[in-house]
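This briefing sets out selected side-chain features of one structure, grouped by topic. Please consult the sequence and the model alongside the points below.

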Amino acid sequence: MTLTIRQPGIGPAARHRSVGVRVGAGAGAVTVGAGAPIVVQSMTNTDTADIEGTARQVAALARAGSELVRITVDRDEAAAAVPHIRDRLAQMGVATPLIGDFHYIGHKLLADHPACAEALDKYRINPGNVGFKNKRDKQFGQIVEMAIKHGKTVRIGANWGSLDQELLTHLMDENAASAAPIEARAVTREAMVQSALLSAARAEEIGLARDRIILSAKVSAVQDLITVYRMMAARSDYALHLGLTEAGMGSKGIVASSAAMGVLLQEGIGDTIRVSLTPEPKGDRTLEVKVAQEILQTMGFRTFVPLVAACPGCGRTTSTVFQELASDIQTYIRDEMPGWKTRYPGVETLNVAVMGCIVNGPGESKHADIGISLPGTGETPAAPVFIDGAKALTLRGPTIAADFKALVVDYIENRFGAKGMAAE
């Protein structure tokens, strides 16, 4: 029998050709689009008027890996706090660009608080609620003019929940009069795209440069998001921000966001992403950053932290040692990464394997940079350790977990530390 091997097409499609947008200035500046690495962003849920609380949360999000952080600017007290938040972040050594989220009265807040307008790196405006009827164009224009004056980027973000009703009504009436009307949901998707694109064109007419504009069109249903962004990518070259709005809580929000953005990212669509998770009561806001990073790293677009491969467990792994060790190693690595980034260049490419029995343990461990195959149920109480594909030693006794953790730390120091870099 002859075996014919056909190599399938693998890997992501070519990135959507988008204009590059620079957000921020100095060391903290971030490039969005034009083939730059896909940017992770997040948003605070503090009262922006609480300067210290907001600064602390921005710093936590930035240290977790958020490269852009958005804050709500909804009233005078919040706008007045923004420059003080910026100053407090500078004292904390955080230079991450800040985005101001404006709805309804953004034009007034920016005009009344020029220090806020200057302190922010980017303005986010929603064409569905920037103003209504005859005030809409004027107030939209005022925000754009402020962005031009201060040299800021603008994200024009249409949203399913606050869509421009005049535009939607016009398109619905036009569709109803058509000889071949389409379903209402499709008309709404078209309204989303038109709202973003028409607003961007208006911003350019006012004088905002194309490389100062980012677009988004957020919806809460996976298939709608995929369709809307395919339409926007096909009809424009603006940088695109991806996000499933109101994604939900816990596994539901994670799965929905991953499914929607995974498809689009694989097709080359998307220059910056946010995972909009509803946090658990008193939950960790940085979870949305970790999930966004894991989506990009799992798909092979970026590398943020070392990967820890661990088996799911079965009847062969009735001991919980491998689960506890995998969790301990993964938590330890993420906690140490802020410091490791400067001390151990390239450490984010590390692969660690923590396996639970002899079936796949040795094989998976050989594929990792450093791996351990813990004894399964009924197996000899010994744990072979593999380093760079070769068996290096065998651990035994009650301190296996602690001993392996120490080996991982030594491996990182020897490979990515000053000694390892000098040897290369």
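Ring pairs link Tyr332, Trp340 and Tyr344 into a cluster; rings of Phe, Tyr and Trp (its six-membered ring) pair if their centres lie within 6.5 Å, with planes under 30 degrees apart counted as stacked, over 60 as edge-to-face and the rest as tilted. The model is predicted, so local features need pLDDT of at least 70 and side-chain atom pairs pLDDT 80 or more, whereas totals for chains, interfaces and linings use all residues. Residues are numbered from 1 along each chain as its sequence is written, and side-chain values use heavy atoms, leaving out hydrogens and water.

**Aromatic pairs**
- The whole structure contains four aromatic pairs.
- One of them joins tyrosine 332 to tryptophan 340, edge-to-face, at 5.7 Å centre to centre and 75° between the planes.
- Tryptophan 340 also pairs edge-to-face with tyrosine 344, with ring centres 6.2 Å apart and planes at 70°.
- The relative accessible area of tryptophan 340 is 3%.

**Serine 18**
- Serine 18 lies in the segment before strand 1 (21-23), strands being DSSP runs of E with at least two residues.
- Serine 18 counts as buried because its relative accessibility is 10%.
- Beyond its neighbours within four places in sequence, serine 18 contacts Gly33, Ala34, Asp237, Tyr238, Ala239 and Asp271 (heavy atoms within 4.5 Å).

**Charge over a ring**
- The charged end of arginine 210 sits over the ring of tyrosine 238, 4.2 Å from its centre (CZ of Arg or NZ of Lys within 6 Å of the ring centre and within 35 degrees of the ring normal).

Notes:
Helix = DSSP H or I, 4+ residues; strand = E, 2+ residues; numbered from the N terminus. Buried < 20%, exposed > 50% of the residue type's maximum accessible area, 1.4 Å probe, protein only.
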